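Hi everyone, thanks for coming along. Today I'd like to walk you through some side-chain pairs, one group at a time. Have a look at the picture first.

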Amino acid sequence: MTAQVTLKSGEKVKINDHVYCSPPWSVRDGTPYSVARIMEFLPPEGAGKGKGKGKEIYTRVRLAWYYRPSDVSDRPVADSRLLLAAIYSEICDINQLRSRCHVLHRDKITDLAGWKKRPDRFYFNRLFDPYIKKEFDVIQATDVRNLPENIKQVLTSRYEYVVAEKDVVPDLTDTLRLCATCSEWCANPDTVGCDRCKNFFHMSCVQPPLLAKPSRGYGWTCAPCSKRHEEEVDKHDVRHPTPITKPKSNAPAPRGRGRPRKDRSLAEKEENVEIKYFKMWPFRYFGQYTVAEDTLDPDDLIFPRSATRVGPKYQATVPNTLDVPSPSDPEQRGGDYTVEVLSAINTLTDEEIAELEVWKVVLSRTQEKLHNVDWLTEALRRFTQAHLLNRGWSTVDMSVTPTRPEKWKKGETRHTDREWTAEEVTAFEDGIYLYGAELRAIHDEIGTRSMAEVVRFYGHWKNSRLKEENAQIRAARLKAKEEGIDEVPSATAVVADQFSDDEGSVMPGLSRHNNSCGACRTRESENWWRAPKGLVTDILCDTCGTNWRKYADLNFRTVREDAQPPSKKGSDKREGTPLNGPSTKRVKTSTSASVNATPPPNAPMAPQLRCLACQKNGPVGKVLRCNQCQFRVHAASCGVHVDKSAVESWMCDICQNEETLESSMHTDCLLCPRRKSKKKVQFPNADSFLRASKPTEGQGWAHVLCAVFTPEISFSDVSQLRLVEGISTIPKQRWASKCTICGETSGAVIRCSDCVREYHSSCAWRKGHHFGFEIQPVRHPRRDGIITTFKGETGNMVPIVCCQEHENSRRELYDVCETDETGETALQVYCRVYKQAPVTQAHALLRKARRLDQTLNIRTDGTSSADVSAEPTLQCDMCSTQYSPAFYPSENYSGRWRCHKCHFEHRNGVGAGHSPDDSLSPLDDMMES
């Protein structure tokens, strides 16, 4: 008889049923339920099986997990009922099971729209492997036809589904492929197909044998087809055009359009459909790296596999050096003599342990160290070393140095973290206030501590806060006991008892601060649930609460920023939360002895501003707002350094130029197309990142975005991104190319990193294209240019602009405002390494002149004039100079030139109707144009 367990909700579940699983609200911290399948029920850990049927005691359960698409990818998925299967299981407490649900493969559902309308229904068609971080297609085992009969029978009798790569699925679902030479089954890795006769061959059966398959994009033809094709070419026969036919597909037939007929009995049959399981799993991997005959082995691994990394392609082949004497064998790790003994206290006698405890207390006068785990671990290690070297306990000293040497490491390691300064503690608490328990964001906020140190300090800090709260609770209880007041359970506890399946997630009702649902804004609901972090209020109505807990979906109703009260001004989305809203740490309130006491108000939230470049929130100071035009941007992404006292009065460069008049009042970007406007002065929109502009060397303006993502541009001062240089070095064809977005032929265009489209940087930003930076690996650092490191990744940092259509690109881009461990943004790192003008080599005017010479040389080389190409460099035949505003042909010698000075010194005057411009060389004509 199959074991059944009754949940707290009253439902009975058995093995292979699908359930919602989740720890209490305080542990899961607002995350939705997980969906899993029950594999087996287990007794308490360490306990044996109960005697007799029905007398077993189950406290644990093994679950096979499903993933939601949002758990494994940042791509938005509109279907909240879609799941990803996984060959991954864990053992959980049986009390974490909430209620039952239903999960089916897509091909087993007749009416998908009707299936998704019913509650607690999910479906899947792909599998995600958490070890190799890759997705696979899942098909029914009965759809596999390209297999020998014995392997196919074993596969379909054991498993319900087959997991394979997307490219392998058409080969598996095709008809049985037999070799045209030996009539044996053709396995996919060793098979090649003829593009003309459509027959398949073993690569070893053709003559001559093929060593490898054709490269991607190339075809192969067998010998008879190749010979027949050669004969047709020799005869010059007219080749009739091949009729265009729709390619054959092995996909199932399309379902009829329109509203399907509702069939309740069919839906119930689909819910109770029998699924085959083999060793508790309904599917196995049968893809590119599977040997078909291994399927017959019942102990063969079913997990997805990837390409092996063993062989000469990945390992070096070192030749044997017979004539060179081998050195003495170095000390290698893995033996007993290389093991570093951390503690040998278990070998001591009781008297030695008692003496050691006495000396341990003497090592430190502070009680905190005597209870510190790191300090005690190092003390035991030093006592162990003294015991192994037959030295007394008095030789152990913990006050000498906070570091210790470790075997197989060059430097010494600290056994305790260094003391946190007051500034670091303040930054840590500010991070807790802003981001809650998101320790990576807090680590970025501090900037001077490693991630491991932040995690350890968070544990100590949280324990100290719990200690203070427990002390307050004990004091309140003691005071209530002295006054003779009995403790009465609160209203929240009474309501929570009615919903014991969601401990701590039920709210008693509306309050002054929580007066509506955080998602749909309704004020009427039978029950109220706690909301995830990031919403306007901390409660959800019954409908939104159920949708969030079960389906990770909310009918979110946006709230205008100007419609929010001042206290909720920072209610915007932060990175890592699923909805628009801030993620502030809710302050835990101490237990009050009085029942009628009003709850303390929520702590005021720190003011936050949304950056227009990355659309993420940040504290004031990191995100600046212009005092005049209200433009908001991360200070690091705009080259701004502002003191804390001047944050409120900061103005952007364009608004500041209105007062200083250092640059032109015409603020249009020089790299963007010139659009005609009736207004004399046209400022960029303050609601876009394109408001961020910097002055050029000619008192013009250029967008920060255009200057950074145009490769020829550099900055005189990259720390402030000021004085844009190098606009004249942009090739002429880039100015004449037509933008694929706006259709204008003026302005400098850039090319998409994944296709051939060209567009202006500002047009791409308005269109919503992707801007970022990619770290490309470098094989030869000296040859491949300057390398840099960002977030632990080393290589060439390259600016990338991709169209919206390339969302599935495999590029790993760093956002413009994304910061590393030091708090420096990706834009800052790129500009600092690659965009700094050579200010130490020459002053600004000389750099501009050199760029002009370079531009003229480029244009001269590209000109088709015979005279210019014949004399690329001119020289005066009198003073031998090569530098002159203009060169003139000599009157006495053909083919010689005179500079401007010598020409007019040896000429008494200019004849009638003749001017010096008439004698200019073709090079001078180009300079004037």
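Let's begin with Glu378, which counts as buried at 2% relative accessibility. Buried here means under 20% relative accessible area, exposed means over 50%, and partly exposed is in between, using a 1.4 Å probe and protein chains only.

A quick word on what you are looking at: this is a predicted model, where local features need pLDDT of at least 70, side-chain atom pairs count only at pLDDT 80 or more, and totals for chains, interfaces and linings use all residues. Residues are numbered from 1 along each chain as its sequence is written, and side-chain values use heavy atoms, with hydrogens and water left out.

So which residue forms a salt bridge with Glu378? That is Arg382, with the closest N and O atoms 2.8 Å apart. By salt bridge I mean a side-chain nitrogen of Lys or Arg within 4 Å of a carboxyl oxygen of Asp or Glu. Arg382 is buried too, with a relative accessible area of 13%. Both residues belong to helix α10 (residues 373-388), and because they are four residues apart there, about one helical turn separates them. Helices (H or I, at least four residues) and strands (E, at least two) are DSSP runs, numbered from the N terminus.

How many salt bridges does the structure hold? The total is 35. Side chains of opposite charge can pair when their charged atoms come close.

Let me show you another one: Asp653 and Lys694 meet in a salt bridge of 3.1 Å, N to O. Asp653 sits in helix α16 (residues 653-660) and Lys694 in strand β24 (residues 693-695), so this pair ties together parts that are 41 residues apart in sequence. Asp653 is buried at 13% relative accessible area, and Lys694 is buried at 2%.

Next comes Arg898, in a salt bridge with Asp877 whose closest N and O atoms are 4.0 Å apart. Arg898 lies in strand β34 (residues 897-898) and Asp877 in the loop between α22 (866-870) and β33 (888-889), so parts 21 residues apart in sequence are tied together. Are these two buried or exposed? Arg898 counts as buried at 12% relative accessibility, whereas Asp877 is partly exposed at 30%.

Salt bridges can also link up: Arg418, Glu424, Arg449 and Glu453 are joined in a network of them.

Now for the aromatic rings. A search of the whole structure finds 27 aromatic pairs. One of them is Phe383 with Trp393, an edge-to-face pair at 5.4 Å centre to centre, with 75 degrees between the planes. Rings of Phe, Tyr and Trp (its six-membered ring) pair if their centres lie within 6.5 Å; planes under 30 degrees apart are stacked, over 60 edge-to-face, and the rest tilted. Phe383 is in helix α10, and Trp393 is in the loop between α10 and β15 (403-405), ten residues apart. Phe383 is buried at 0% relative accessible area, and Trp393 is buried at 9%.

There is a cluster as well, in which ring pairs link Phe689, Phe709, Trp765, Phe771, Phe773, Tyr830 and Tyr834.

Finally, charges and rings together. Arg549 has its charged end over the ring of Trp529, 3.9 Å from the centre. This counts when NZ of Lys or CZ of Arg is within 6 Å of the ring centre and within 35 degrees of the ring normal. Likewise, Arg158 lies over the face of Phe278, 4.8 Å from the ring centre.
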